[in-house]
Amino acid sequence: MASIYTDLLGWVVIATFLAGAGVEYVRRRRVGGDAGTLATLRGRLDAFETPPERTLATAGWVLFAGFWLALFPHFAFTQKSYVEGVLSLLAVPACLYAGWLLWNGRDSLLVLSRAVAAMGIVYFPFESIEPLKRGLILVVTGQTGWAMAQFGYEPALVEGPILGYRNAYRFVTADGHGLLFEIVLACTGLGSMAIFAGLIAAVHAPLGRKLRALAVSIPIIWGLNIARTTFIGIAFGNQYLQLFVDEVLFLFGSSDPYMVSFFLSDRVISQVLAVVALVGVTYLVVRELPELVTVIEDVLYMVTKEEYDLLESLDLPREPVRTDGGRTGRE
């Protein structure tokens, strides 16, 4: 994350969305013979003219817009990741628009609001708690080294200059120039895994199907991420993508020609392929957990201002498909 201030803002966003989810749970959970403290609290919440979960979630979206705006300089200028920079900038009006739609009655966006809270709960502990961050990074570092070795590349494992772990690989080019490829938190695939974990946690569905959806998504994302770090390490460490050197250096604001292979392999090829991969994983998860279609339809509505029925359009099952070709039925 860019700084301690963006970390703090991130936790505030999560807390706001969680408060909204908690209020929604209290108001909608009706039990026979309901009485006592919970009933009193529910009565007070029901007395608000605007549903309080809508108010809290809307505030969460406004704060989330500020969070992405604060991250834009980090992605665009520090990391020189134009894909992430553009996406973070586009996220600002998108969050504000989501809040506006929710405030004006599109309550289906409460699902996406819960998902953002769950994503943060998965992601931020690894960002904020050093042993968790270190452990995850070192596991990915080790598996990346093993994968590179399968292709005949065995760079030396050394201490990384950014984090100070043994999380970097040192390559030596044909002209004797040393190159360091360091694995950091952004290289672990945690962000993508947190997205799917949050979405799966947010929908109302039986626990068994949620666990199956996680079993479909998380291993695929992990494996694809190791393939990504392996590709970047080999391409950068051996300078295999020294293409359009002057143009790439100009585009990324760099004067180091040895970074061209890194920019192309990481900032361009890998990030574009990651978007394609996430679309594919989403399709697999939705077949197991059709309730997620609500979130996708909301996102499409925000982009196009048109309503969609994706279950019908994409011929997706309204109930998940069993391996024997039948339907599972609602659990």
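Predicted model: local features only at pLDDT ≥ 70, side-chain atom pairs only at ≥ 80, totals over all residues.

Colleague: Which domains does the domain assignment give?

Modeller: Residues are numbered from 1 along each chain as its sequence is written, and side-chain values use heavy atoms, with hydrogens and water left out. The bounds come from an automatic or database domain assignment. That assignment gives domain 1 (1–31 + 40–128) and domain 2 (130–317).

Colleague: What area is buried between domain 1 and domain 2?

Modeller: Buried area is the accessible area (1.4 Å probe) that two parts lose on being put together, summed over both. Carbon and sulfur atoms give 66% of it here. The area buried between the two domains is about 2,500 Å².

Colleague: How many salt bridges are there between domain 1 and domain 2?

Modeller: A salt bridge needs a side-chain nitrogen of Lys or Arg within 4 Å of a carboxyl oxygen of Asp or Glu. Arg 106 and Glu 307 meet in a salt bridge, at 2.9 Å from N to O. Between domain 1 and domain 2, the count is 2 salt bridges.

Colleague: Which helix gives the most to the side of domain 1 that touches domain 2?

Modeller: Helices are DSSP runs (H or I, at least four residues), numbered from the N terminus. Helix 4 (82–103) and helix 5 (109–128) each supply at least two residues of that side. The one that gives the most, with 13 residues, is helix 5.

Colleague: How many residues apart in sequence are the parts tied together by Phe 17 and Trp 61?

Modeller: These two form an aromatic pair (ring centres within 6.5 Å, using the six-membered ring of Trp), and edge-to-face means planes over 60 degrees apart. Phe 17 and Trp 61 are edge-to-face, with 5.3 Å centre to centre and 75° between the planes. Phe 17 lies in helix 1 and Trp 61 in helix 3, so the pair ties together parts that are 44 residues apart.

Colleague: Which residue forms a salt bridge with Asp 107?

Modeller: The closest N and O atoms of this pair are 3.1 Å apart. Asp 107 sits in the loop between helix 4 and helix 5, and its partner is in helix 3, 53 residues apart. That partner is Arg 54.

How values were computed: Phe/Tyr/Trp six-rings, centres within 6.5 Å; stacked < 30°, edge-to-face > 60°.
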